[in-house]
Structure formats: C-alpha cells, structure tokens
Amino acid sequence: MTFSFFCTFATNKQQKMNIKQLYQIYQEHPVITTDSRNCPKGSIFIALKGASFNGNKFAAMALDKGCAFAIVDEKEFVPEGNDHFILVEDCLTTFKELAREHRRQFDIPVIGITGTNGKTTTKELVSAVLNECYTVMHTEGNFNNDVGVPKTLLRLNAEHEIAVVEMGASHPGDIEKLVNYVEPTCGMITNVGRAHLLGFGSFEGVKKTKGELYDFLGAHNGLVFLNESNDNLVDMVQQRDINRVITYGEDEEAQIRGEVISCSPFLKFSWQKLGDTHIYEVQTHLIGSYNIDNMLAAITIGLHFEVNPQKINHALENYIPSNNRSQLTITKSNKLIVDAYNANPSSIAAALQNFKVMDVSPKMAILGDMRELGNVSLEEHQKVVDMLKDCSIDQIWLVGEEFGKTDCNYKKFKNIDEVKAEIAYKKPEGYYILIKGSNSIRLFELPELL
C-alpha cells in the first residue's frame with residue numbers, strides 16, 4: 001500500500017510525498033508528539049482529532065513551543081509560505097503509516113497479543129519472561145488502540161531484540177486494521193468472551209474480529225500460540241489455514257501443560273513440557289486461578305524463544321501486578337482483591353468462581369456495571385446476580401444503573417459517590433473484598449477508603 005499526501009513548503013506549492021519521504025523527515029526528527037502541551041524541541045507534532053478536540057487548532061502553538069514540523073489535515077490551518085507545516089489527507093492514517101514504516105526497519109520477532117480478557121496481564125508476563133534474556137519493547141499500560149499502537153511501534157530502537165504488542169478491539173475490523181500496521185511474526189488470542197457487544201453486535205462478531213490476528217498469521221506463515229483448553233480458540237484455528245501452532249493449557253495433550261495447586265489467595269501452579277517428566281512449581285503474586293492461562297502463555301512463549309525454565313519461573317514468581325488487575329491490597333481494615341480496570345460477563349464469572357473457592361472469611365463483593373453490552377445488558381447483569389446466590393459471599397454491593405435494574409435483594413448503589421457515602425457512614429472491616437467493575441464505574445477509587 002502506497003500512501004501519498006500533500007506537503008506545503010515555503011514556496012506555497014503543493015507537492016506529493018510518499019510515506020518513505022516522510023519517514024526520512026522523521027529520521028531527522030525522531031520524536032513524535034500528539035499533545036501540544038508536550039512539545040520537545042525538534043519533534044514532529046501530529047494533529048490528531050477526537051470527539052471533543054481538533055489537533056489542527058494547536059499546530060501553530062506546537063511549532064511555537066519547539067516542534068520542527070506540524071502534520072495537519074485541514075488546509076485552513078496552514079499559513080501561506082510556512083514550510084514547517086505538512087498537509088496530509090488524514091493525520092491518523094499518516095501516523096499509523098509512519099509507525100508501520102518504522103516497524104519495517106526492524107527484522108525482529110514481533111509478538112501480537114489480543115483477547116477479551118487477560119491480554120494486558122499476559123503482555124506483562126510475556127515481557128517479564130523475555131526480559132530475562134532479551135531487550136524487549138512492549139506496550140506500556142493499555143496503549144492498545146488506533147493511537148496507542150502506533151505510539152508503541154515508534155518506540156522501537158536498535159537495542160530491541162523482541163517486541164510484544166497488545167491490540168484491543170471494540171468494533172468489527174479493529175484487529176485487522178491493527179495487524180496490518182504491527183505485522184506480527186507470531187501471536188496469540190488469550191480468549192474470546194461476551195464483551196463490547198454493543199460494538200461487535202454479537203459473540204460471533206467478537207470471534208471474527210479477534211480471529212483477524214489468526215487470519216494475518218495464517219496468511220504470512222506466522223506462529224500461533226494456542227490455548228488448547230479453550231474450545232472457542234481451537235475451533236477458530238481449525239477454521240483457518242494455519243500451519244504453525246504451539247499449544248498450551250490444562251489438557252494432557254497440550255505441549256505445555258499446567259495445573260492449579262492452590263489459590264489462597266495467590267495462585268500457585270505446576271507446569272511441564274509434553275514428554276518431559278520434570279514438573280516445575282511456581283508461586284505467583286496474582287489472585288485468581290484463571291491466571292494460569294496467562295502464566296502458561298508466558299511460559300510457552302518464553303520456551304519458544306529459548307528462555308530456560310529457571311529464568312521463566314524467576315520472572316513469573318517476581319511479577320507483582322500494579323494496574324488494578326488481579327491485585328491484592330492489604331489495608332488496616334480489609335484485604336482487597338482489586339480487579340477494577342474492566343469487567344464483562346466472562347471476566348466477572350471467572351472472578352466470582354475464584355472468589356467462591358478461596359478459603360477465606362468473611363467475604364464481601366463490590367461489583368460495578370459491565371458496559372457496552374447493548375440489548376443483552378440486563379440479561380447479562382441478571383446472570384451475574386443469579387450466579388451470586390451460589391458464591392457464599394457474606395455481603396454484596398452492586399454499583400450502577402444496570403445492576404440497579406436486576407431482580408435481587410442485594411444492596412444497590414446508583415454510582416460511586418453513593419458507595420463512598422456508605423463507607424463514610426459505616427466502613428466494612430475485617431473482610432476479604434472483591435472489587436470488580438468496568439473502569440468507567442470508578443471502583444478503583446475505593447481501595448484508599450477501605
């Protein structure tokens with residue numbers, strides 16, 4: 001694909017330029033900013049747009065603050081005769097094309113990771129394992145969308161030996177767009193679940209979109225790391241022409257097999273390679289038996305890149321989450337299991353199942369709405385409420401309008417402010433408290449109060 005756009009120079013003549021020519025400019029000014037409040041001297045400002053902002057309006061300001069060039073896509077913001085403006089058809093497309101051109105300068109393994117749940121934790125674990133032997137560039141935080149992925153790719157430099165890139169999706173075709181810029185050489189889907197149904201339209205839409213990673217790897221002779229214990233993923237691979245697969249899971253036939261030993265509260269598990277009698281045990285700092293899949297994925301990828309088992313285990317045992325995912329927080333009053341970054345039916349079901357089997361007491365759950373479920377939202381929230389009846393939880397608080405519509409006798413709160421008021425009135429004490437909900441419900445504000 002050849003991308004072309006117009007560049008306005010001091011002569012005010014419009015001249016076509018392709019992405020390779022723009023990349024030459026980038027090589028001379030190898031810092032990109034999309035924030036006019038942060039303009040390093042000599043950098044390139046790209047005027048992205050959002051629902052409530054237009055970066056074109058801030059291009060001149062970015063130049064005044066030190067940027068060498070400003071890439072814009074609205075001609076009215078290009079002053080006549082100013083050769084520091086580059087006019088393109090679409091700034092976001094240009095940003096992604098520039099990132100892909102940069103990625104193509106590096107002949108290194110690029111691991112693509114997507115999935116409904118666990119992709120960020122898996123990315124962190126994979127990176128920790130590979131860091132035992134390699135210099136790894138990996139996605140920071142959850143920079144996994146149209147803007148975050150190009151930013152990630154542009155962080156590649158000559159020191160990096162492997163890249164681990166997380167890719168998120170909320171609409172059909174999202175992964176196809178991202179893989180065409182990331183161009184992964186291998187990859188994995190953590191799982192597929194009923195999330196973002198408002199955008200995907202159905203669970204089949206989720207599988208089709210996540211499966212676009214498999215489509216790319218199959219078409220480019222890439223390697224798939226497959227959780228053989230996940231029937232949906234196995235079916236998705238079998239439906240495609242994929243020649244290179246390495247399996248992991250809890251099934252006997254998996255090439256890397258694992259088994260949960262305990263989870264009270266931290267996950268401890270064992271693993272071994274198919275045909276090898278040696279069994280390794282790993283004590284983690286992660287809450288939740290469901291994290292064994294993420295651990296096995298990291299082990300499998302580490303072994304493929306010849307990280308020895310001892311170094312793999314060292315990385316996993318020393319990984320401590322700090323992103324509101326599967327995190328234990330001990331306060332003066334309670335022990336909190338914080339998983340407040342995101343929530344959907346499959347992740348809440350896994351969290352509740354794990355909480356149910358934890359041998360601790362007393363238990364309390366604070367659950368927030370699951371967002372973007374469309375016309376099945378009430379049905380899915382009611383399923384969670386029904387599931388709670390069998391979880392042996394001593395106290396349950398439900399937060400949000402969707403849980404408010406369900407048929408149950410649990411304590412309900414319209415929003416986080418009502419929860420805070422309740423805690424101020426009578427704070428729970430002495431509990432193990434599971435905190436889980438979509439990020440927009442803001443349950444992450446509760447740990448400091450509990």
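## Aromatic pairs

Searching the whole of this predicted model turns up 3 aromatic pairs. Here, rings of Phe, Tyr and Trp (its six-membered ring) make a pair if their centres lie within 6.5 Å; planes under 30 degrees apart count as stacked, over 60 as edge-to-face and the rest as tilted. One of the pairs joins Trp271 and Tyr280: the ring centres are 4.6 Å apart and the planes meet at 25°, so this pair is stacked. Trp271 is buried at a relative accessible area of 1%, and Tyr280 is buried too, at 13%. (Buried means under 20% relative accessible area, exposed over 50%, and partly exposed in between, with a 1.4 Å probe and protein chains only.)

Another pair brings together Trp397 and Phe413, with centres 5.0 Å apart and planes at 50°, so it counts as tilted. Trp397 belongs to strand β21 (residues 395–399) and Phe413 to strand β22 (residues 411–413), so the pair ties together parts that lie 16 residues apart in sequence. Helices (H or I, at least four residues) and strands (E, at least two) are DSSP runs, numbered from the N terminus. Trp397 and Phe413 are both buried.

## How to read the numbers

Residues are numbered from 1 along each chain as its sequence is written. Local features need pLDDT of at least 70 and side-chain atom pairs count only at pLDDT 80 or more, while totals for chains, interfaces and linings use all residues; side-chain values use heavy atoms, with hydrogens and water left out.

## The cavity and a pocket

Phe355 turns up again in the lining of the largest cavity, along with Ile287, Tyr290, Ile337, Ala351, Asn354, Met358 and Leu434. This cavity has a volume of about 40 Å³, and the count of cavities of 30 Å³ or more comes to 1. On a 1 Å grid over the protein atoms alone, a cavity is a set of points where a 1.4 Å probe fits but cannot get out, while a pocket is an open set with protein on both sides within 12 Å along at least five of seven lines; lining residues have an atom within 4 Å of a point. Points are joined across faces, edges and corners, and a volume is the space filled by probe spheres set on them. Helix α13 (residues 345–357) gives the most to the cavity lining, with 3 residues. By class, the lining has 7 nonpolar residues, 1 polar and no charged ones. (Ala, Val, Leu, Ile, Met, Phe, Trp, Tyr, Cys and Pro count as nonpolar, Asp, Glu, Lys and Arg as charged, and the others, Gly among them, as polar.)

The second largest pocket holds about 250 Å³ of space. Of its 13 lining residues, Val31, Ile32, Thr33, Thr34 and Lys151 are the closest to the centre. The lining of this pocket is made up of 7 nonpolar, 3 polar and 3 charged residues.

How many disulfides does the structure hold? There are 0, a disulfide being a pair of cysteine sulfur atoms within 2.5 Å. Cys39 is in none, as the nearest cysteine sulfur, in Cys67, is 3.8 Å away. Cys39 is buried, at 11% relative accessible area.

For Cys263, the closest cysteine sulfur is that of Cys391, 15 Å away and too far for a bond. Cys263 is also buried, at 9% relative accessibility.

## Backbone details

Most residues other than glycine have a negative phi, and most peptide bonds are trans. Ser392 is not a glycine, yet its phi is positive, near 55°. Ser392 sits in the loop between α14 (377–388) and β21 and is exposed, at 59%. Arg442 also has a positive phi, about 70°; Arg442 lies in the segment after β23 (432–436) and is partly exposed, at 31%.
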